[in-house]
Amino acid sequence: QVQLVESGGGLVKTGESLRLSCATSGITFDEYAIGWFRQAPGKEREGISCISRGDIGTTYADSVKGRFTVSRDNAKNTVYLQLNNLTPEDTAVYYCAAEWTGCTLAAGPYDYWGQGTQVTVVS
């Protein structure tokens, strides 16, 4: 059974940081690209970051570039998303997802999804 479990969300103030984790099981972790997505109330799901299998490369949406950093620990089957300099516009449910064929910020190709973790940023 494939599981992706996000953690690390919370309530923070503008300018503060969080580190999200995506712990996986049931997949051959190093064969999958892992993407991060977020969805704010009333908005569409947005792809914000991806790290390729084998840690060859990373991709970021313009909205988070320079503030968020994705990394992976293949020994722990876990991907991390460091969120720095948060603003209220970053408030959303954050999801991780696993995709076998490659790294993309489009949601369609992803095979497996977590349940999400809430990030709330207040001014």
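Modeller: The model is predicted. I start with L18, which is found in strand β3, residues 18–25. L18 counts as buried because its relative accessibility is 14%, under the 20% cut-off. Leaving aside neighbours within four places in sequence, L18 is in contact with G8, G9, G10, V12, L81, Q82, L83, L86 and V119. N77, by contrast, is 59 residues away from L18 in sequence and 20 Å away in space, C-alpha to C-alpha.

Beyond four places in sequence, L83 is in contact with E16, S17, L18, L20, R67, F68, Y94 and V119. L83 is also among the residues that touch the most other members of the largest nonpolar core, a set of 27 residues; I34, W36, F68, V79, L81 and Y94 are the others. Strands β3, β4, β5, β7, β8, β9 and β11 each supply at least two residues of this core, and the largest share, four residues, comes from β9. A second, separate core has five residues, including F37, C50, A97 and Y110.

C22 is joined to C96, with an S to S distance of 2.1 Å, and the link is right-handed, with 70 degrees about the S-S bond. C22 lies in β3 and C96 in β9, 74 residues apart, and both are buried.

The other disulfide is formed by C50 and C103, with sulfur atoms 1.9 Å apart. C50 is in strand β5 and C103 in the loop between β9 and β10, so the pair ties together parts 53 residues apart in sequence. C50 is buried, at 0% relative accessible area, whereas C103 is partly exposed, at 30%. In sequence order, the bonded cysteines pair 1-3, 2-4.

Technical notes. Residues numbered from 1 in each chain as written. Predicted model: local features only at pLDDT ≥ 70, side-chain atom pairs only at ≥ 80, totals over all residues. Heavy atoms only, no water. Buried < 20%, exposed > 50% of the residue type's maximum accessible area, 1.4 Å probe, protein only. Contact = heavy atoms within 4.5 Å. Core = buried A, V, L, I, M, F, W, Y, C linked by side-chain atoms within 4.5 Å. Disulfide = S-S within 2.5 Å.
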